[in-house]
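Visitor: I am new to this structure and would like to learn how to read it. Could you show it to me and take me through a few of its features?

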Amino acid sequence: MIVCHCMSISDHEIRAAVDWMRAADPSTIITPGKVYHALGKKADCGGCMPVFLDTMRGCESFGVADDPAKPAIPMLKRMRARRLG
């Protein structure tokens with residue numbers, strides 16, 4: 001299925017880019033901009049973004065796995081606790 005008509009990007013290409021990025025760096029944050037860049041294209045009108053994001057999020061390899069070897073940063077915990085109140 002074509003997700004981005006402006007750049008002619010299919011759901012298969014998005015999934016392949018997400019899988020490639022996750023294999024290259026398991027802890028990277030995958031964004032639409034990085035997917036476009038990996039495909040050698042640029043976003044145009046942005047009308048595809050809701051479907052583009054749903055396609056990215058639907059990939060099994062989209063999320064960053066918890067890594068017990070990397071402890072959470074205490075400062076971020078405190079900031080999060082203050083924000084959540």
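This is a predicted model: local features need pLDDT of at least 70, side-chain atom pairs count only at pLDDT 80 or more; totals for chains, interfaces and linings use all residues.

Visitor: Which residues touch the most other members of the largest nonpolar core?

Guide: In soluble globular proteins, nonpolar side chains tend to be buried together. A nonpolar core is a set of buried Ala, Val, Leu, Ile, Met, Phe, Trp, Tyr and Cys residues joined through side-chain atoms within 4.5 Å, where buried means under 20% relative accessible area, exposed over 50%, and partly exposed in between (1.4 Å probe, protein chains only). Here the largest core has 14 residues, and Ile14, Val18, Val35, Phe52 and Met56 touch the most other members.

Visitor: How many disulfides does the structure hold?

Guide: A disulfide is a pair of cysteine sulfur atoms within 2.5 Å, and the structure holds zero. Cys45 has its nearest cysteine sulfur, that of Cys6, 3.6 Å away, while the sulfur of Cys48 lies 3.9 Å from that of Cys4, too far for a bond.

Visitor: Where is Asp11, buried or exposed, and what does its side chain meet?

Guide: Side chains of opposite charge can pair when their charged atoms come close. In a salt bridge, a side-chain nitrogen of Lys or Arg is within 4 Å of a carboxyl oxygen of Asp or Glu. Asp11 is buried, at 8% relative accessible area, and its side chain meets that of Arg15 in such a bridge (3.0 Å, N to O).

Definitions and conventions. Residues are numbered from 1 along each chain as its sequence is written. Side-chain values use heavy atoms; hydrogens and water are left out.
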